[in-house]
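Q: Hi, could you walk me through this structure? I'm new to this.
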Amino acid sequence: MEKKVGNSKLILKLGDITKEKVDAIVNAANSRLAGGGGVDGAIHRAGGPKIMEECREIINKIGVLPPGEAVATTAGNLPAKYVIHTVGPIYRGGQKGEENTLRNAYLNSLKLAKQLNVRTIAFPSISTGAYGYPVKDAARVALKAVIEFLEGEPEDFTVVFLLFDEITYAAYKEALEAYLK
Ligand code: ADP
């Protein structure tokens, strides 16, 4: 599914983000940038050890990466140029600022991408795996954040949501259709 937003394109795709040929892919990391399961593990496995080395250097400097913030490394063996590591909220019922943190994770990733001159970027569904954010709610928050960013930008970006399974894809598709109505 593909929609024009401002001068940009927003694409929903089913698949594996590590295979995507874009300028930057976003990693749903943890605050220690320590790697783990899910998309984080897949990115480090496919990208090789260089990405983790850079993550360690960043953590040595900043201590932790707070939820909602983003940093970039190179992308090792991946087809992308950069990996943007962001930390989504751990879902604890929805009244603990999760929505705002999730929104910030998308917006800060996009701002960093723009600073790096990235024009094509792929996101996974941040926080909806191990971090437990209900996917329908997360899809609405994610799409709203990205669409509002793109509407405010004169440049043409391509933002791809790379969704790993049918249920997640369907949730984003429904949320996008509802948003555009
Ligand atoms: P979080 O800890 O932020 O919840 P997870 O990696 O556990 O992150 O899950 C986020 C989403 O990423 C889930 O929908 C999961 O199915 C998906 N995912 C896992 N591997 C990949 C991959 N290779 N490409 C894209 N998405 C993936």
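Q: What feature does UniProt place at residues 1–180?
A: UniProt's unreviewed entry puts "domain: Macro" there; UniProt positions follow the numbering used here, and annotations may be inferred rather than shown by experiment. Residues are numbered from 1 along each chain as its sequence is written. This is a predicted model, where local features need pLDDT of at least 70, side-chain atom pairs count only at pLDDT 80 or more, and totals for chains, interfaces and linings use all residues.

Q: How much of residues 1–180 is helix and strand?
A: The span is 41% helix and 21% strand, with its end C-alpha atoms 13 Å apart. Helices (H or I, at least four residues) and strands (E, at least two) are DSSP runs, numbered from the N terminus.

Q: What about helix α3, which of its residues are buried?
A: Among them are L102, Y106 and L110. Buried means that 20 or more other C-beta atoms, placed from the backbone, lie within 10 Å of the residue's own.

Q: Switching to the ligand, how many residues surround it?
A: There are 21, and the closest are A28, G38, G129, Y131 and F164. A residue counts if its C-beta atom, placed from the backbone, lies within 6 Å.

Q: Which helix gives the most to that shell?
A: Helix α1 (residues 38–47) does, with four residues.

Q: Last one: is β4 mostly covered or exposed?
A: Mostly covered, with four of its five residues buried.

Conventions. A residue is buried if 20 or more other C-beta atoms lie within 10 Å of its own, exposed if 12 or fewer, and partly exposed in between; C-beta atoms are placed from the backbone.
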